[in-house]
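Open the model in your viewer and keep the selection tool at hand. The stops below can be taken in order.

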Number of protein chains: 2
Amino acid sequence: MRIMAEAEQPRSRDEVQQQLKEVQELLGRHRLVEDLVHRQEMPRHDLVEGLVHKQHVAELSERLDALHPADIADLLETLPLDERLFVWELVRAERDGDILLEVSDAVRESLIETMAPEELKAAAETLDADELADLAPDLPEEVMEDVYLSLDLEERAQLRAAMSYAEDAVGALMEFEMVTIREDVSLEVVLRYLRRFEELPDHTDQLFVIDRAEQLRGVLPINSLLINDPECTVSEVMIAEPLTLRPDDKAEDAASAFERYDLVSAPVVGTEGRLMGRVTVADVVDFIREDADAEILSHAGLREGEDIFAPVLDSVKNRWAWLAVNLVTAFVASRVIGVFEGSIEKLVALAALMPIVAGIGGNSGNQTITMIVRAMAMGQLGGDSAIRLLKKETGVALFNGVVWGSLLGVVAWLLYGGWQLGLVMTAATTLNLLLAAAMGVFIPMTMQRLGRDPALGSSVLITACTDSGGFFIFLGLATLFLV
Amino acid sequence: MRIMAEAEQPRSRDEVQQQLKEVQELLGRHRLVEDLVHRQEMPRHDLVEGLVHKQHVAELSERLDALHPADIADLLETLPLDERLFVWELVRAERDGDILLEVSDAVRESLIETMAPEELKAAAETLDADELADLAPDLPEEVMEDVYLSLDLEERAQLRAAMSYAEDAVGALMEFEMVTIREDVSLEVVLRYLRRFEELPDHTDQLFVIDRAEQLRGVLPINSLLINDPECTVSEVMIAEPLTLRPDDKAEDAASAFERYDLVSAPVVGTEGRLMGRVTVADVVDFIREDADAEILSHAGLREGEDIFAPVLDSVKNRWAWLAVNLVTAFVASRVIGVFEGSIEKLVALAALMPIVAGIGGNSGNQTITMIVRAMAMGQLGGDSAIRLLKKETGVALFNGVVWGSLLGVVAWLLYGGWQLGLVMTAATTLNLLLAAAMGVFIPMTMQRLGRDPALGSSVLITACTDSGGFFIFLGLATLFLV
């Protein structure tokens, strides 16, 4: 359980901004002194320098102690590597674990690299089993072994359990800390029992009612505990068939349940009805945010979030796969053009007009596919929707083709003075929009049928179709009718 | 306050899926009967038909009553318009309001269109002031006037307040229902006070401590109420300086605070320290999800989420603006090519190779701009980061330019057999990647400096630069050195 010191309380945005600014200023002054000394512009009066330096460091250190771990994590993410490590040194060791949990993966790596095994071990030992499981993949093996040995039997079992689930399973979001009660006691007894706690786990909006075999019998919302007569027994006021999650449910489905039903926590139950842990809305909020971030990043072909101050080579690694795929599709499109080089030689206007046909197809196809992938993610596509969707998208494409295609035809005619060229432009635009609509429905539907994530690479695939297809349609029609 | 009937309790994903499937099946059978009757293939034995029909409808209606409003909303979103309206008719009127709140904007419009003013009024009157404010923009004016007149004075003030804030302000997320207490009473008194409630507002994880002037004095977490001695007074155990939000704070900042500090609720305080309402994590979860959705949709140039069964013209309206912008940028790129038509006529290989140069620049630029826009949204970019970022992105571009550019150069040489063409290809690729890096940093930085949302249209802008720029660089170099 995280113990919140007075100094670590949540603060308003303005306050945090102000504090971060002050820290940044202190860092700036520190950097200035270092720079001056380094450039030998300041006489090396060791005493003076030492004093100035020490004063700043002490002040910085004090400011850092007053910040919440999440705010320190933010600060670390905004700092370039040298300043980041300088600040990291100043943070009190017992807070290292909490902060490592909060920073982004890329920044976490940069911090862990600089820490000695003993430091890492000490940091890891301040964490709960479920938090440890989150950190484990980034820790050196020998550190994890030491930490594992330092746990008691129950914690070891929890750690093993937490690490056994896929990253996108409920098991990976699960916490083990919760309050359990028996169903045959009175609310009065429950109230007295709770008073023996130093602190309740975060997000305790309900108590879990279990029997001797640890089977979940129901849940007692704290609200029911508060409004009902203390003489009632737990079994009288508990919810006997609460919503439960299973550890191998998809995290996405759990998130959707939290969203639909406005939950704060939900019990996780194993195969024989045994209560294993719980998921809280805090974990769900983090999951939703990370999931959305991953989707936005993957649209641009980034494998993961980047430390914006990462070395060049790290960035190259994060981005190369997508660039390579795009290069291949661009090469294919280029070869399609290559087939029609003879026609272009005869009518060079084709070279100038062809990117327009390809481009509008790509944009329109991306609109279709984005909409369908989102509808799929929200489970809005039933059995016979493919046909309906195809009809609708074809309708939209036909409408746009006639409107925009005619406009483009007129422009081509005015520019190059041949009405036949205008007609080919109109026809090619319309046909490529129809191709975009068809592929925009077909690609995600097929991906889903093959059991793959329809979002993954959908944008590359559709653009590849509309580029090569657009060039082929436009240059093909031109070759048939114009050349 | 939403009152949850037994039947409306949250259910596990599987259970909901099963129920929705059964409802869909019933709908299918209903549709079959209608179709047969319509096509006159079934003899019109009114009696038989009527019975079959009635039996299905009764069964459907029963199933619908057992579903949570959020699940009915989902069902409505998956159904084509005719079946959607058929189901909507069957839903009990007193649940209309809750369901209208849960469905997407596009589907809400389709439902409201079919409702009589009295029905809408009845539905609206089941809602709280803050919920009403969410629905208000979609309701006909005369309905809103009637509803407004039916409210008591306090509710009217709340509705006016809720509607006065921008959609992206904390005020728009605010709820008015909460439990307030005084600081001089004992916890025992608070516990007795709470027992007088029928039910506590959802997400009551803390009580708000106010004085006679409704100034917020502190908050009493329910956890503190439970673990402390009932003899203590509220002022002894309350948190005196809690995190507070202001109604005109950005919703985004509030969401970030909930995420960082794992909050369940937070008080909203007006200018003179007066407690106005609270924000709960349920509102924040919805906001985060909608915000992420809007970002993903806007990447593909969709103004808002579409009802996937919307009429063609609605879809056209939702998508035309982006297509128009892209057409303009494609036209500019086409004119750049037009300038070099003479060179293409002499060396037609240029026409086939130029889209590769433009394409790789576009992809690389989109990677850069996506990463920077995300870093900005998370407040990771400080004062002097522009220079640092530019250095890093230039490094990545130079690396990629040399690696991929050389590869492309070799390919061009092999295909068209001129080493000079290969060199031009390599140089143009590298230069366009550098342009992409520079614009990828420059565009969002400038947008932010101008006080605009850097995400908006960033992808169009960068693609416009790398398309026109890529064609210009490649064809320009070719004209200088090859033709």
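By what turn and with what RMSD can chain A be laid on chain B? A turn of 180 degrees and a shift of 0.0 Å along the axis do it, with an RMSD of 0.1 Å; the superposition is by least squares on the C-alpha atoms of residues with pLDDT of at least 70 in both copies. That is the relation of a two-fold axis.

Before selecting anything, note that this is a predicted model, in which local features need pLDDT of at least 70 and side-chain atom pairs count only at pLDDT 80 or more, while totals for chains, interfaces and linings use all residues. Residues are numbered from 1 along each chain as its sequence is written, and chains are lettered from A and ligands numbered from 1 in the order in which they are written.

**Where the chains meet**

Show both chains. Here 97 residues of chain A are in contact with 98 residues of chain B, contact meaning that the C-beta atoms of two residues, placed from the backbone, lie within 7 Å. Helices (H or I, at least four residues) and strands (E, at least two) are DSSP runs, numbered from the N terminus. By class, that side of chain A holds 49 nonpolar, 25 polar and 23 charged residues. Ala, Val, Leu, Ile, Met, Phe, Trp, Tyr, Cys and Pro count as nonpolar, Asp, Glu, Lys and Arg as charged, and the others, Gly among them, as polar. Of the interface residues of chain A, 100% are also interface residues in chain B, so the copies meet through the same surface.

Is A:Gly361 buried or exposed? With 32 C-beta neighbours inside 10 Å, A:Gly361 counts as buried. The cut-offs are 20 or more other C-beta atoms within 10 Å for buried, 12 or fewer for exposed, and in between for partly exposed, with C-beta atoms placed from the backbone. Leaving aside neighbours within four places in sequence, A:Gly361 is in contact with residues including A:Asn432, A:Leu435, A:Thr466 and A:Gly470.

**Helix α16**

Next select residues 281–299 of chain A. Helix α16 has 19 residues and reaches 27 Å from its first C-alpha to its last, close to the 27 Å expected at 1.5 Å a residue; the expected span is 1.5 Å times one less than the number of residues. Among its buried residues are A:Val281, A:Phe287, A:Ile288 and A:His299. After α16(A) comes A:Gly301, with a positive phi near 80 degrees.

**Two helices in chain B**

Move to chain B and select helices α17 (residues 312–339) and α22 (residues 458–481), which pack at an angle of about 10 degrees with their axes 9 Å apart. α17(B) and α22(B) are therefore roughly parallel to each other. Among the residues making the contact are B:Val325 and B:Val332 of α17(B) and B:Phe471 and B:Leu475 of α22(B).

**Two positive phi values**

Select B:Asp262, in the loop between α15 and β4 (265–269) of chain B. Phi of B:Asp262 is near 55 degrees, a positive value in a residue other than glycine. B:Asp262 is partly exposed, with 19 other C-beta atoms within 10 Å.

Finish at B:Glu214, in the loop between β2 (206–210) and β3 (216–221) of chain B. B:Glu214 has a positive phi of about 65 degrees although it is not a glycine.

Definitions and conventions:
Axes fitted to C-alpha atoms, helices over the stretch in contact; angles between N-to-C directions. Parallel < 35°, antiparallel > 145°, perpendicular 65-115°, else oblique.
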